[in-house]
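Dear colleague,

Please read the notes with the model open beside you.

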Amino acid sequence: MFSFKKLCKELLLTTFILSAVSISAAAADVSVGTVNTSALKLRETPGIESKTLATAASGEKVVVFGKEGDWYKVSRNSQNGYMFANYLTVTKNADAALGTGVVTGSVVNVRSKPATSGSVIVQLKKGDGAEIIGAQDGWYKIRINSKQGFISPDYFKPAKVTLSSRSGATTGEKVAASDDTSEKDVVAYAKNYLGVKYVYGGSSPKGFDCSGFTVYVFKHFGISLSRTATGQYKYGSSVSKSNLQTGDLVFFKGSGKAIGHVGIYVGGGSFIHASSPGDVVKITSLSDSYYVRNYVGARRIL
């Protein structure tokens, strides 16, 4: 016998189930996109007539956290916008320096693996910021000072924040990172590129030469440097070798030039640099005989 009441109950239950599925399907997700063309524009809205916000070079990596038609919603160096999907190669799991982000939930767990079953490393509050260093299984991989972990994209989003290595967590005030950049922030960011190959004239994660590497690192913090080691030696203030601090630029003679090489002091008597043709970005001791002989001086930029 037909029961209108029973039919209504079944329709209500079906609607509830479909709604639950829709909510689950809409859950936030995050991936890493790599530019697979010579240059790719970051646009304000999804469309070729939209305002260009920036241009990414071949091999650059961006956060991918959504899609609208033929366009990915992305974040490049913490600047959000859209990129044409055909020119991005997207992967779920990748490590890369991807800018910064801010916590959007009231109290959010950072976990040891990209799953709610992972142990809690630290808890962050709404407005706290962290460095994005990759993506795995739909979660952000982040770094907070010396700690690394995973945070759900449901409670975290890319944004420009002021990172401070002097506190247990970072502040999520949306200002230019260079407004309160610490020396340790610069060094931590530079270390993300350890192992990138040396390419003469290179100034992107696809390959660096020495001055291209320092330009790229400091540009991330809103600081523009000359493209040559000689030009960079004119920036900041002179620092004696005995008073070096992390983040200082260190300079060396090279190939008959008064100044032919530059790197970033990382502390402990060592510096990080795009070494030489056939080599990679690496950390080298200042006590290495070659660099002792060719040491010229240092400049403090920050």
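In which hand does helix 2 pass helix 3? The crossing is right-handed, a term used when the near helix is turned clockwise from the far one by less than a right angle, anticlockwise being left-handed.

This is a predicted model, in which local features need pLDDT of at least 70 and side-chain atom pairs count only at pLDDT 80 or more, while totals for chains, interfaces and linings use all residues. Residues are numbered from 1 along each chain as its sequence is written, and side-chain values use heavy atoms, with hydrogens and water left out.

Helices (H or I, at least four residues) and strands (E, at least two) are DSSP runs numbered from the N terminus. The axes of helix 2 (residues 183–191) and helix 3 (residues 210–220) come within 10 Å and cross at roughly 125 degrees, where axes are lines fitted to C-alpha atoms, for helices over the stretch in contact, and angles run from 0 to 180 degrees between N-to-C directions. Contact (heavy atoms within 4.5 Å) is made by Val186, Tyr189 and Ala190 of helix 2 with Phe213, Tyr216, Val217, Phe218 and His220 of helix 3.

Six strands form an open antiparallel sheet in the order 19-24-20-21-22-23, pairing being counted when DSSP finds at least two bridges between two strands. Strand 20 (residues 249–254) and strand 21 (residues 257–267) are joined by five bridges, and Val250 has Gly263 of strand 21 as its bridge partner. Helix 3 lies across strands 20, 21, 22 and 23, at about 45 degrees to strand 21.
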